[in-house]
Amino acid sequence: LGYRSCRVVLGSFLAERRRRAWWPAGYEDWAHHSFLLFDDGSIADITADQFDDVPQLWWPADPERYWLDTSKADVAHRRRVDTLGLEC
């Protein structure tokens, strides 16, 4: 991986893709997460395996599961607190 420049991103990760019956309508399970973004747009993630059955070093990671800021995770967190009473 050492042949490209990269930066650490504090962003959002789509932790659960499959909808759960108990989720509020329109809810998406985004979590706050840090990952590496390379200058070619590819993503390397060394901790995504905490959420899903992916390799410990996931590269290139599925870009559809990443957001480059915390906005989606912030919305999901607020929905969990307000709708479900969960502080996680």
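These legends walk through several close-up views of the structure above.

This is a predicted model, where local features need pLDDT of at least 70, side-chain atom pairs count only at pLDDT 80 or more, and totals for chains, interfaces and linings use all residues. Residues are numbered from 1 along each chain as its sequence is written, and side-chain values use heavy atoms, leaving out hydrogens and water.

**View 1. The largest nonpolar core.** Twelve residues make up this core, including Val9, Phe13, Phe35, Trp58 and Tyr66. A nonpolar core here is a set of buried Ala, Val, Leu, Ile, Met, Phe, Trp, Tyr and Cys residues joined through side-chain atoms within 4.5 Å. Buried means under 20% relative accessible area, exposed means over 50%, and partly exposed is in between (1.4 Å probe, protein chains only). Two strands, β1 (6–16) and β2 (29–38), are the elements that give two or more residues to the core. Strands (E, at least two residues) and helices (H or I, at least four) are DSSP runs, numbered from the N terminus.

**View 2. His33 and its partner Asp45.** You'll find His33 in strand β2, and it counts as buried because its relative accessibility is 5%. The side chains of His33 and Asp45 are joined by a polar contact of 2.7 Å. That term means a pair of N or O atoms within 3.5 Å; within protein, one must be able to donate a hydrogen and the other to accept it, and residues adjacent in sequence count only if both atoms are side-chain atoms.

**View 3. Asp52 meets Arg17.** Their side chains form a salt bridge (3.9 Å, N to O), meaning a side-chain nitrogen of Lys or Arg within 4 Å of a carboxyl oxygen of Asp or Glu. Asp52 sits in the loop between β3 (43–44) and β4 (66–67) and Arg17 in the loop between β1 and β2, so the pair ties together parts 35 residues apart in sequence. Asp52 is partly exposed, at 27% relative accessible area, while Arg17 is exposed, at 54%.

**View 4. Arg80 meets Asp29.** Here is another salt bridge between side chains (3.6 Å, N to O). Arg80 belongs to helix α1 and Asp29 to strand β2, so this pair links distant parts of the chain, 51 residues apart. Both Arg80 and Asp29 are buried.

View 5. Asp82 is exposed, at 55% relative accessible area, whereas Arg78 is partly exposed, at 43%.
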